[in-house]
Amino acid sequence: MTAASPPTQAGPAAELPPAAGTGGIWRLLAAEWTKIRSVRSTLWTLILLVVVTVGFTSLLTLAISASWDRSRPGEHAAIVADPVGAILGTGITFGQLTICVLGVLVISSEYSSGAIRASLLAVPRRWPMLAAKAVVFGVIVFVVGELASFGSFFAGSAILHSHAPVSLGDPGVLRAVLGAGLYVVLLGWFSMAIGGLLRHTAGAITTAIGVVFVLPIVGGFLPGSWGHHIDNYLPSVAGSMIAQAHQGVDQVLTPWQGFGVFCIWTAVVLAAAFYFLQRRDA
Amino acid sequence: MIEVRDLTKHYGDKLAVDHLSFTVEPGRVTGFLGPNGAGKSTTMRLILGLDRPQAGTATIGGRRYDQLARPLRTVGALLEAKAMHDGRSAYNHLLYLAQTQGLPRTRVDEVLALVGLTDVAHKRTGGYSLGMSQRVGIAAAMLGNPPVLLLDEPVNGLDPEGIRWIRNLMKQLAGEGRTVFVSSHLMNEMAVTADHLIVIGRGRLIANCPTQELIEHSSERTVLVRSPQSDRLGELITAGGGVVKPEDGAAPPGGLSVTGMEAPRIGEIAAGAGIVLHELTPRLASLEEAFMEMTAGSLEYGVGPEAQAARAQAAQASPGPADGSQS
């Protein structure tokens with residue numbers, strides 16, 4: 001234990017200076033920024049996002065490149081048809097797990113530590129606190145997500161260059177790379193909403209990863225056109241379509257349509273999180 | 001000023017606060033007393049808008065807590081020792097709270113100095129002792145220099161020096177004209193701190209009066225008398241206007257507990273009748289005993305025959321097991 005110095009006998013300050021002139025929104029954004037930057041796990045998780053995404057992209061594209069000449073003709077048709085989709089798909093699949101964890105943690109850690117009570121005493125109307133959190137977290141994840149996305153693209157396209165050349169200037173490629181970062185932002189909000197609804201870190205992380213990672217695997221096994229439609233409308237399946245240059249032959253949604261579907265999923269879960277934040281006992 | 005009117009809260013089937021009404025005036029320390037599970041913390045959470053009541057209102061200076069624009073400048077609250085993230089430093093915990101209220105960073109330094117944590121302010125609170133965490137909580141409560149303070153069991157986990165410090169701080173704050181509302185389950189602690197007491201049990205108001213009045217009312221004098229002729233002596237005392245009860249508990253058996261008559265008079269009666277006395281002891285009921293007696297019927301998780309009887313009564317009144325999920 002660290003020793004505390006003896007408390008001073010002096011009472012509270014006689015008068016506080018008047019509140020700074022900044023508006024309420026900026027005060028809350030500053031507070032949420034302080035919260036998120038003052039916990040070490042934030043930094044580590046964000047670093048992990050970039051490392052895992054770029055790392056897995058490099059590893060998997062290296063593996064594809066190394067076995068390219070030994071594989072049967074036609075096996076790489078999908079990669080040649082949409083190299084950017086293949087490159088981004090490899091890394092984001094794994095990198096997105098870190099965002100599920102961080103998204104849940106930014107809110108569930110407040111519940112598990114009890115800090116939520118301090119936060120809500122400061123902002124008793126509640127929803128502005130969650131809105132400010134969503135904005136600050138969204139901006140941070142956008143910056144880091146784009147870093148991971150562009151990093152993956154440049155690493156992957158350099159590795160696959162001799163087999164499936166692709167550049168940012170090709171049709172749909174810039175949109176796909178930017179879109180991968182946007183997908184990560186939405187996924188962060190989606191996970192944050194789940195964290196706010198469930199409040200318990202372990203349960204919320206399990207749920208978020210289940211929805212994002214496990215459901216698509218199950219969805220892939222659903223038979224027939226009926227099952228295929230369901231699979232394509234799953235949150236992470238639909239949302240990650242934005243990271244492709246164009247609609248795949250076996251997909252029922254265009255990249256923007258898929259992204260729109262994920263926007264609706266996220267909006268619904270976020271709305272539920274706001275609703276229950278207002279309604280429930282803290 | 002805090003005004004609670006007809007406040008009612010139940011969690012599922014369990015009634016935590018039952019049509020509770022009281023007012024907490026500024027300029028004095030008001031103690032909020034009750035056994036564990038009486039509904040003290042729930043009442044404070046309802047006042048602070050953390051929990052929503054099923055009925056009734058709680059206002060601070062005439063406004064509901066969630067209607068306050070910058071609430072920490074009006075109300076400071078200490079709810080539990082650890083309402084902070086283990087991985088965040090005390091400084092950053094207080095900083096983000098200050099930012100929500102538009103308070104400058106210098107105010108964070110001031111409250112850290114006030115509670116004596118300046119030297120460890122940048123260490124993560126996960127390594128803090130309970131007493132240090134409690135001080136961070138006090139610092140957070142004092143951040144907005146609020147005219148109203150709510151402190152839930154503030155001396156929990158503090159060493160004697162810390163307890164004295166909190167007592168003095170509360171008295172000083174009340175002396176400055178602030179409203180200080182502090183809960184405790186320890187009567188003796190409240191007796192030395194609070195000017196006024198609000199006592200609850202099972203979510204209902206039991207007493208609301210100045211501390212001194214409660215002490216005088218509670219500290220009924222009794223006299224313990226032992227005599228080999230206790231039956232005869234008891235009759236004489238009763239005839240003389242005293243109230244006699246058999247003394248239970250104290251060994252050896254056969255003692256009498258007398259109220260309404262002073263020890264000298266009992267001695268005179270015994271001498272007059274030629275009765276031998278083995279013991280004649282004036283006693284002052286301790287505050288803690290008085291408090292136990294006052295709240296015995298409302299004990300929920302207590303031990304001993306009284307509490308068991310109370311529970312049996314309660315079980316008859318409202319079937320179904322009570323769950324102790326909150327205090």
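Biologist: Which residues does Leu143(B) touch, not counting residues up to four places away in sequence?

Modeller: The model is a predicted one. A contact requires C-beta atoms within 7 Å, and residues up to four places away in sequence are not counted here. On that basis, the residues that Leu143(B) touches are Leu72(B), Gly76(B), Leu94(B), Leu97(B), Ala98(B), Leu103(B), Arg107(B) and Val111(B).

Biologist: How many residues has the largest nonpolar core?

Modeller: Leu143(B) is among the residues with the most contacts inside this core, together with Leu94(B), Leu112(B) and Ala139(B). Helix α7 of chain A, residues 173–198, supplies the largest share of the core, 17 residues. Apart from it lies another core, of nine residues, including Val225(B) and Ile237(B). The residue count of the largest nonpolar core is 157.

Biologist: Are α2(A) and α6(A) roughly parallel or roughly antiparallel to each other?

Modeller: Helix α2 (residues 40–66) and helix α6 (residues 127–159) of chain A pack with their axes 9 Å apart, at an angle of about 15°. Angles under 35 degrees count as roughly parallel. Therefore α2(A) and α6(A) are roughly parallel to each other.

Biologist: How many nonpolar, polar and charged residues has the contact of α2(A) with α6(A)?

Modeller: The crossing in which α2(A) passes α6(A) is right-handed. Among the residues that make the contact are Leu46(A), Leu49(A) and Thr53(A) of α2(A), and Val144(A), Gly151(A) and Ile159(A) of α6(A). By class, the contact has 10 nonpolar, eight polar and no charged residues.

Biologist: Which element gives the most to the side of chain B that touches chain A?

Modeller: In this interface, 52 residues of chain B are in contact with 40 residues of chain A. The elements of chain B that give two or more residues to its side are α2 (90–100), α3 (105–114), α4 (130–142) and α5 (160–175). The residues of that side divide into 24 nonpolar, 15 polar and 13 charged. With six residues, the element that gives the most is α2(B).

Definitions and conventions:
Residues are numbered from 1 along each chain as its sequence is written. Chains are lettered from A and ligands numbered from 1 in the order in which they are written. This is a predicted model: local features need pLDDT of at least 70, side-chain atom pairs count only at pLDDT 80 or more; totals for chains, interfaces and linings use all residues. A nonpolar core is a set of buried Ala, Val, Leu, Ile, Met, Phe, Trp, Tyr and Cys residues joined through C-beta atoms within 7 Å. A residue is buried if 20 or more other C-beta atoms lie within 10 Å of its own, exposed if 12 or fewer, and partly exposed in between; C-beta atoms are placed from the backbone. Helices (H or I, at least four residues) and strands (E, at least two) are DSSP runs, numbered from the N terminus. Two residues are in contact if their C-beta atoms, placed from the backbone, lie within 7 Å. Axes are lines fitted to C-alpha atoms, for helices over the stretch in contact, and angles run from 0 to 180 degrees between N-to-C directions. Angles under 35 degrees count as roughly parallel, over 145 as roughly antiparallel, 65 to 115 as roughly perpendicular and the rest as oblique. A crossing is left-handed if the near helix is turned anticlockwise from the far one by less than a right angle, and right-handed if clockwise. Ala, Val, Leu, Ile, Met, Phe, Trp, Tyr, Cys and Pro count as nonpolar, Asp, Glu, Lys and Arg as charged, and the others, Gly among them, as polar.
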